[in-house]
Amino acid sequence: MKTLPSTDVLIIGGGWTGLLMAKELGSRTPHSIVILERGGMRNPADYVLGMDELDYFIRLHMMQDPSRETVTVRHDANERSLPIRQFANFLPGSGVGGTGEHWGAQVPRFQPDCFQLYSRTVARYGEKRLPEDHSFQDFGVTYDEMEPYYAREERTLGVSGKAGNLRGKKIEGGNVHEGWRSEEYPNPPLKLPYFGSLMETAAKSLGYHPYPNPTAVNSQAYTNPDGVTRAACAYCGFCERLPCMIAAKAQPTNIFLPLVQKLKTVSLRTGTTVRRIVHDTAQGAGKARGVTYIDAAGEEVFQPADLVILASYTLSNNRLLMLSKAGEPYDPAAGKGTLGKNLTHQISFGTAQAFFEKPLNRFMGAGGAGMRFADLDGDVFDHSNLPFLRGGMFGAIMTGQAPIATFGALPRSIKARWGSAWKKAAMEYYDHVGVVAYSGEHVPYKSNYFDLDPIYKDSAGDPLLRMTINWRDNERKMVEFMTAKGVEVARAMGAKEINPFPGYQDYDVTRYQSTHIQGGTMMAPSPDRGVVNNYQQHWQIPNLFVLGASTFPNSASANPTPTILAFAYRTADAIVEKYLKKPGALA
Ligand SMILES: Cc1cc2nc3c(=O)[nH]c(=O)nc-3n(C[C@H](O)[C@H](O)[C@H](O)COP(=O)(O)OP(=O)(O)OC[C@H]3O[C@@H](n4cnc5c(N)ncnc54)[C@H](O)[C@@H]3O)c2cc1C
């Protein structure tokens, strides 16, 4: 195996967190930085050529190739796991920019109590209310500590929205249930699509508090504090699952890449798949020495480094630590180990498919353009007499309803399933259907976890990551309750016909849910309870930091990326201001 000259910092993954860290360390320190990204280079200028729904949206052009590496899934430890051959319920990205290139850019912050799931739940309802088999655990960092980092991330991305809680002062028209914020959003809300305006009126009539969905899509031309200028959104409707043609949607390649490319100390190597983090923990030193990777020519090389940052999305973060034997693997039967524990997957579904008489102009839209309400979120409402804990947010959002992907939704009263009658009905209803969406919390359980699959391997011969995951009564009952609420909202919006969501049975890999998978390398106040400390620094290997939602002990109803980026900024500050001055454990 070839050994390359050493680098000061090595970053695994060139997506949201990897490029953020390269920009921060590269612009604030003189250190040499190498970024290793398994996928290809992305030139945002290529996006200008236009959108191809078939290529991006249906054939998943920007996503991880499952024929080279996939994950296996089973519902419980007694089942045999099987590999996902075609990604559907989540869509991990590959290539510079990572999953952040084709994200939807909906950017709510976590509710303050999400950071203290265990202690706040017990304080309000007592230990007895915790679900059987739960593994609730606090983050060890509070919302108050994270607030400045949220504000920084929102300024960098140029988030469009309206505050509902400015330093404790509640503001009607914003989300009055959100945690306090130190400043207004940098940009006003996006234009409100007709469908969202129907939800606004209906939600108010039902006593809820609707607000414009915060979105990392520019409502006006905006220059961020790093001097990056991006255009205002044109509401073209090709947003989620695709990159933006005019860079109105914040993506790693238009927010961080241009700055990183100007830094002489940073080198970005594409087509490089990391296989192991090499460390000498077994010898007692607790030090990462670098990584091995397969380069674009297929050759395996060793890249030595003084500091390693793992920023390869939840799935690869877990797998690479497991393959590298960096951390004690979680064993649910013995209740030992932490690596792989607390796998959660944000709940997300359409409560009600609603059919309207008037056309909705669905061809216009943007990642998060629309209204939400959070009156049934987290612990905003009392759960004393409900059969479940926690909650979520409702939304009427025109993400851009790509015509091929969304064609053919029909009310159940239409019996035609094929032929000219079906085609006629599908044409008639195409622009008359909207979804009252819901995203909710998935609480952690001892028996939902990651480990390495004993049978299936990737194209290089390494074991695949295995997910053991299923829904419990808490999720099924929450989904049932929220579906009824969503149907009520759809009725109040004036829907002529409604298809309610059929409910949750077993975890399903065939229907898109969200690419918001958390856990496995969770942060904790001590090494026996988690893999990293709350600076996202590995407990046993202090020169290894792990970025991304893999460090979250639980999911929130909110989409995770703002929180992921806020934690990445906090870690960058800790590395620059503390670790590099005195290398060693920060906690
Ligand atoms: C369709 C879709 C819609 C979404 N919408 C939203 C939304 O509205 N709001 C929100 O908050 N979030 C959303 N997300 C999620 C969001 O994209 C992720 O949370 C975010 O990108 C995570 O950042 P990351 O840096 O952890 O991972 P990524 O951005 O995925 O970056 C990880 C990088 O690591 C690389 N990598 C992986 N393994 C290796 C390896 N072995 N060697 C080298 N490189 C490797 C990958 O190729 C990738 O480029 C969405 C995701 C999808 C797919």
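Author: Two strands count as paired if DSSP finds at least two bridges between them. The model under discussion is a predicted one.

Reader: In what sense do strand β4 and strand β21 pair?

Author: The criterion for pairing is at least two bridges. Strand β4 (residues 71-74) and strand β21 (residues 463-468) are joined over four bridges. Val-73 stands opposite Met-467 in β21. The sense of the pairing between β4 and β21 is parallel.

Reader: Why is one side of β5 and of β20 left without a neighbour in the sheet?

Author: The open sheet concerned has four strands in the order β5-β4-β21-β20, and its pairing is mixed. β5 (82-83) and β20 (449-457) stand at its edges, so one side of each lacks a neighbour: each has a single partner strand.

Reader: Which strands of the sheet does helix α9 touch?

Author: Helix α9 covers residues 313-323 and packs on the sheet. Its direction makes about 70° with that of β20. The strands touched by α9 are β4, β20 and β21.

Reader: Which strands form the edges of the six-stranded sheet?

Author: The six strands form an open sheet with antiparallel pairing, in the order β8-β17-β18-β19-β16-β22. An edge strand here pairs on one side only. The edge strands are β8 (211-212) and β22 (497-500).

Reader: Which residue in β18 stands opposite Met-371?

Author: Strand β17 (residues 370-373) and strand β18 (residues 392-397) pair in the antiparallel sense over four bridges. In β18, the residue opposite Met-371 is Ala-396.

Reader: At what angle does helix α12 run to β16?

Author: Helix α12 (residues 473-492) lies across β16 (347-355), β17, β18, β19 (433-440) and β22. Its angle to β16 is about 30°.

Reader: How many charged residues are in the shell around the ligand?

Author: The ligand is surrounded by 39 residues, the closest being Thr-17, Glu-37, Thr-99, Gln-106 and Thr-561. At least two residues of this shell come from each of α1 (16-28), β3 (33-37), β12 (273-279), α9 and α13 (561-579). The shell holds 13 nonpolar and 22 polar residues, and the charged ones number four.

Reader: How much of the accessible area that the ligand has on its own does the protein cover?

Author: A backbone N or O atom of Gly-95 is 3.1 Å from an oxygen atom of the ligand. A ligand nitrogen atom is 2.8 Å from a polar backbone atom of Gln-106, and a nitrogen atom of the ligand is 3.3 Å from a side-chain N or O atom of His-516. Of the 1,000 Å² of accessible area that the ligand has on its own, the protein covers 99%.

Note on methods: Residues numbered from 1 in each chain as written. Predicted model: local features only at pLDDT ≥ 70, side-chain atom pairs only at ≥ 80, totals over all residues. Heavy atoms only, no water. Contact = heavy atoms within 4.5 Å. Axes fitted to C-alpha atoms, helices over the stretch in contact; angles between N-to-C directions. Near = heavy atom within 4 Å. Polar contact = N/O pair within 3.5 Å; in protein donor to acceptor, adjacent residues only side chain to side chain. Areas by Shrake-Rupley, 256 points an atom, 1.4 Å probe, with all protein chains shown as cover. Nonpolar A, V, L, I, M, F, W, Y, C, P; charged D, E, K, R; others polar.
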